[in-house]
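Here is a short tour of a few local features, meant to be read with the model open beside you. Have a look at the chain before reading on.

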Amino acid sequence: MIHLCRALTFTLILLFAASCAQNAAPDHGDVNPVVAIEQGKLTGVRRDDLNIFKAIPYAAPPVGELRWKPPQAPDAWDGVRDATAFGPSCVQPTLPSDSLYLDPPHSMSEDCLLLNVWAPADAKDAPVIVWIHGGSLRMGGSAQPTYDGSAFAERGAVFVSINYRLSVLGWLAHPELTAESPDGLSGNYGLLDQIAALHWVRDNIGAFGGDPGNVTIMGESAGALSVTYLMISPLAEGLFHKAIAQSTGIRAIPELSHPTYGMPSAETIGAMLGKALGADDLDALRTFDAVELTEAATKSGFISQGTIDGQVLPAQLIEAFDEGRQAKVPLLAGFNSGETRAYRRFIPPAPDSAAIYEAAIQRGYGDLTDDFLTQYPSSNMEQSMLDALRDNFFAWGVERAVRKQSESGQPAFMYVFDRCYPAARERDLCAFHAAELPYVFERIGDADAYPPNWPVPDGETDRALSSAMTDYWVSFAARGTPQSKNAPAWRPYGDNESYMLFGDEPVAGHDPMPGMYELNEEFVRRRNEAGKQWFLRVGVNASPACSLDDSCP
């Protein structure tokens with residue numbers, strides 16, 4: 001553990017004192033701004049009243065012998081480093097050309113541990129938001145146009161976006177990696193990257209006018225999952241003070257050395273992958289070209305996910321939140337009403353009749369059948385199957401995290417995004433997974449900000465909703481309470497299960513989906529107690545039910 005912590009701190013970089021990094025202010029003249037951080041000086045870009053710095057290394061390149069090692073301290077440099085253009089994204093697999101999320105990086109490299117900063121030119125002790133991108137922990141990057149941080153900086157926040165290692169390069173555990181680790185660990189390298197970036201923010205963000213004592217971590221999808229990982233990781237303790245999780249989920253993940261929830265250990269998964277790729281040992285895996293390795297691992301079915309190792313991730317999310325071991329910080333979290341419209345591949349064809357559907361639910365849910373059919377009726381099987389998957393995948397996990405945080409005494413705020421704009425309606429993609437991102441980042445109508453297959457929102461209703469949502473997000477990061485002067489008061493969830501519905505406009509309400517949480521909580525509780533995975537085991541795909549008197553199959 002000592003070695004791991006040393007790898008995550010940057011105290012060896014002494015060319016610039018930490019006090020200089022905290023107190024130095026950007027040059028506010030007409031020329032491009034220059035800041036001094038611990039590694040050296042940077043020059044960025046002045047755009048209107050914002051200072052923008054890109055491709056700042058927060059850790060050493062994880063290449064060669066540093067592949068599958070915890071992030072190491074970044075090198076210092078002499079002179080002034082150019083920070084005016086994005087660097088490469090981390091290596092990731094190729095997506096199908098018809099994917100809604102297809103957004104190929106302009107470049108990618110194994111040398112990718114970089115971050116970007118947007119800051120008001122006159123920032124001083126400003127709230128800091130650290131953005132963790134989504135992409136199933138296997139794709140994406142901080143240079144994606146959607147993630148421009150200008151709207152946040154224009155509202156007074158210092159916005160930081162980060163890269164982290166993806167796919168097999170970021171999430172592989174392997175017995176030989178565990179053996180060579182001084183701490184007896186492997187896997188979770190992408191999460192360790194995120195923690196290293198938070199260390200960098202703590203030590204350097206004052207140079208950009210940010211307050212290291214007021215940091216909000218924010219992510220969507222896999223980035224939101226990362227937020228919940230960080231909330232339970234002892235290594236991230238004290239590095240952030242609020243959290244925003246957009247479309248997170250709670251699922252069981254492998255343990256490092258032992259099988260669990262019907263899954264092999266993470267080390268076994270890694271060893272099986274090496275065998276499938278024809279790599280006899282770790283040295284052979286390290287000789288692979290990064291792109292070829294990532295493509296081959298993807299074709300072999302490698303799943304990017306965290307590993308329960310007792311140190312970086314000490315317990316399953318469900319257990320950590322139940323036991324109150326998560327960070328006690330204000331939380332804002334939500335999901336989209338049509339999340340699974342972009343995930344139809346996970347849903348089997350609808351049964352031929354309502355009777356067949358109801359019989360399948362009876363087999364899977366037993367004494368919970370009536371409750372299930374109340375939530376997901378046979379009168380519209382296709383919609384019910386979409387909704388059941390959405391709730392298993394996202395909604396239950398979001399509401400559970402918000403409930404647990406509220407029960408811990410922290411302010412917690414929940415939302416449901418339900419905006420159905422014309423371009424999305426035309427493609428039956430109302431409020432699909434990630435549809436809220438252009439609204440949160442205030443990128444309405446900017447076609448260049450989206451992946452090429454994205455249905456673009458563009459209307460005055462969308463602009464007004466976007467403005468309110470960005471207001472809410474920034475005020476939450478600043479003060480722990482989401483507010484917008486042109487929108488309703490957002491009450492915490494602990495106040496009678498309050499939430500905010502983002503449809504054509506923000507509307508405050510109570511209990512977003514009566515009965516949804518209770519049904520899914522009971523179903524998951526039974527499977528969890530039996531040591532069985534619950535993720536994607538839902539609806540007609542559910543295993544035979546675990547009644548109160550029986551064990552799960």
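Predicted model: local features only at pLDDT ≥ 70, side-chain atom pairs only at ≥ 80, totals over all residues.

Next come the cysteines. The structure holds two disulfides, and the table puts them side by side.

| Disulfide | S to S distance |
|---|---|
| Cys 90 to Cys 112 | 2.0 Å |
| Cys 420 to Cys 430 | 1.8 Å |

A disulfide is a covalent bond between the sulfur atoms of two cysteines.

Let us take the link of Cys 90 and Cys 112, a disulfide with an S to S distance of 2.0 Å. This pair connects distant parts of the chain, 22 residues apart: Cys 90 lies in strand β6 (residues 89-90), while Cys 112 lies in the loop between β7 (108-109) and β8 (114-120). The link is right-handed, with 90° about the S-S bond. Are its two ends buried or exposed? Cys 90 counts as buried because its relative accessibility is 2%, and Cys 112 is buried too, with a relative accessible area of 1%.

The other disulfide joins Cys 420 to Cys 430. This pair also links distant parts of the chain, ten residues apart: Cys 420 is in the loop between β14 (412-417) and α15 (422-426), and Cys 430 is in the loop between α15 and α16 (437-440). Both Cys 420 and Cys 430 are buried.

Our last stop is helix α18 (residues 516-529). With 14 residues at 1.5 Å a residue, α18 should span 20 Å, and its end C-alpha atoms are 20 Å apart, so the two values agree. How many of its residues are buried? Ten of the 14 are, which leaves α18 mostly covered. Among them are Tyr 517, Leu 519, Phe 523 and Val 524, but also Glu 521, Arg 526 and Arg 527. After α18 comes Gly 531, with a positive phi near 70°.

Note on methods:
Residues numbered from 1 in each chain as written. Heavy atoms only, no water. Disulfide = S-S within 2.5 Å. Helix = DSSP H or I, 4+ residues; strand = E, 2+ residues; numbered from the N terminus. Buried < 20%, exposed > 50% of the residue type's maximum accessible area, 1.4 Å probe, protein only. Expected span 1.5 Å × (residues − 1).
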